[in-house]
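Here is a short tour of a protein model, taken one region at a time. Keep the 3D view open and find each spot as you read.

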Amino acid sequence: MGKFKNSEFVKKGYLDALVFNIGAIIVGLVISASMILFLKESPIRVFGTALGRIFSDKYTLGEVFVKATPLVFMALAFAFTYKAKLFNIGAQGQFYAGCLAAVSVSLALGGKVPTFLLILIVMVLTFAAGGAVGALIGFFKARFNANEFLVSMMSTYVVQAFMDFFLRTVLRETKAEYIQTDPIVREAFLPGILPGTRIHLGTLIALIAAILIWILLYKTALGFRIRAVGNNPSCSEHSGIKAKRIFIIAFMISGGLAGMAGLTEINGVQHMLLQNFNSSIGSFGIGIAILANGHPIGIIFSSILFGFLNVIGTTMGRIPGLNIPASIIDLIQGIVMTCVIISYFLRENYRKKKEKKSLMLGEAEA
């Protein structure tokens, strides 16, 4: 027992984070379940029926991972800058930039180049599109000491305006009846990797990306510099680390990760771009990153959890004979997200009190 208390898992606060996060999820689910009572339905019956349908149907279970795939990229985008104590609130805009790049290249080159080469080109350009938006935010932070929170947030509206402009002009579908693009050709689809489901290559790419980001942050010199700037920018400058350069690099990589989510959605699932497409994915990415305590590997599991919440909400709305509206999806995710964010502040308050108590005990012993 003593060894466990002195282990790195406990010392680094991972145990506290785990306890608070699990508690937040349980509270969120209990509150969500209580909402079903207002519909005069039994929460146990509704959740039980939905869970039975999910785990008995391979296609529905596969949807959990399909929904989780872009969330991995969006959560990594927020977590990456946060390691440098920067706040990338504009991942939604970087996601839209990636979507624009993905659909434009897929429409232009689809059927003209081999699928493998096309996917590779789209992957590079979606990363570049999102990365360019992110790098611009980092530049304003480095050059003018602009508030990255506000700049990144406002950049979403700018990119969204560009997206709407293109959807109404050069990218608009051939009949010009809807504000959307034409569907991309099948040769531009991300290949499926599990028959009987919609799980595609993007899921594997997301898992690899999370592992690579973990390696970059904790096993490379660049990752050390990013974390050093996050811990203390002034001291890192005195030790030879150029913090301003780190601002730009961190935001560029973060934006590229958000752009990659556009690849998985356009080429993996949607196969076209619509106006106001997936407008809440950026905010969910923030909550997932907080739930995972910013750890790239933890983000994989947190994203799967939110993918599961999305699917269970959808399944509830499709149960015959039950009066469950489709909005239950947003309700469950929103309540759990709120509980997770509240638990973060409670956890930080608990950590500070714990450190203060430890310091006082140390001084008393001295």
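Let's start with His-271, which counts as buried because its relative accessibility is 19% and the cut-off for buried is under 20%. You'll find His-271 in the loop between helix 12 and helix 13. Keep in mind that you're looking at a predicted model. The backbone at His-271 has a phi near 65°, which is a positive value in a residue other than glycine.

Now look for Asn-276, which also sits in the loop between helix 12 and helix 13. Asn-276 isn't a glycine, yet its phi is positive too, at about 55°. Is Asn-276 buried, partly exposed or exposed? With a relative accessible area of 43%, Asn-276 is partly exposed, since that label covers values between the 20% and 50% cut-offs.

Next, pick out helix 7, which covers residues 115-144, and helix 12, which covers residues 243-270. These two pack against each other with their axes 6 Å apart, at an angle of about 145°. Their crossing is right-handed. What kinds of residues make up this contact? There are 16 nonpolar ones, along with nine polar and two charged.

While you're in helix 7, find Gly-134, which belongs to that helix. Gly-134 has a relative accessible area of 0%, so it is buried.

How do you find a space in a protein? Rolling a probe the size of a water molecule over the atoms shows where empty space is left. In this model, the second largest pocket holds about 420 Å³ of space. Its lining is made of 19 residues, and those nearest the pocket's centre are Lys-67, Glu-265, Asn-278, Asn-310 and Gln-333.

Which elements give two or more residues to this lining? They are helix 5 (58-82), helix 12, helix 13 (281-291), helix 14 (296-317) and helix 15 (328-365). Helix 5 gives the most, with four residues. Sorted by type, the lining of the second largest pocket has 10 nonpolar residues, six polar ones and three charged ones.

Ile-205 lies in helix 9, which spans residues 201-219. Ile-205 is buried, because its relative accessible area is 14% and buried means under 20%. Go from Ile-205 to Thr-69 and you skip 136 residues along the chain, while the C-alpha atoms are separated by 8.7 Å.

For the other pair, head to helix 15, where you'll find Asp-330. Asp-330 has a relative accessible area of 53%, so it counts as exposed, a label that needs over 50%. Asp-330 and Leu-204 are 126 residues apart along the chain, and 26 Å separates their C-alpha atoms.

## A look at the cysteines

How many disulfides does the structure hold? The count is zero. Cys-235 is partly exposed, because its relative accessible area is 48% and exposed would need over 50%. Cys-339 counts as buried, since its relative accessibility is 13%.

Methods: Residues numbered from 1 in each chain as written. Predicted model: local features only at pLDDT ≥ 70, side-chain atom pairs only at ≥ 80, totals over all residues. Heavy atoms only, no water. Axes fitted to C-alpha atoms, helices over the stretch in contact; angles between N-to-C directions. Left-handed = near helix turned anticlockwise from the far one by under 90°. Nonpolar A, V, L, I, M, F, W, Y, C, P; charged D, E, K, R; others polar. 1 Å grid on protein atoms, 1.4 Å probe; cavity = no way out; pocket = protein on both sides within 12 Å on 5 of 7 lines; lining within 4 Å. Points joined across faces, edges and corners; volume = space filled by probe spheres on them. Disulfide = S-S within 2.5 Å. Buried < 20%, exposed > 50% of the residue type's maximum accessible area, 1.4 Å probe, protein only.
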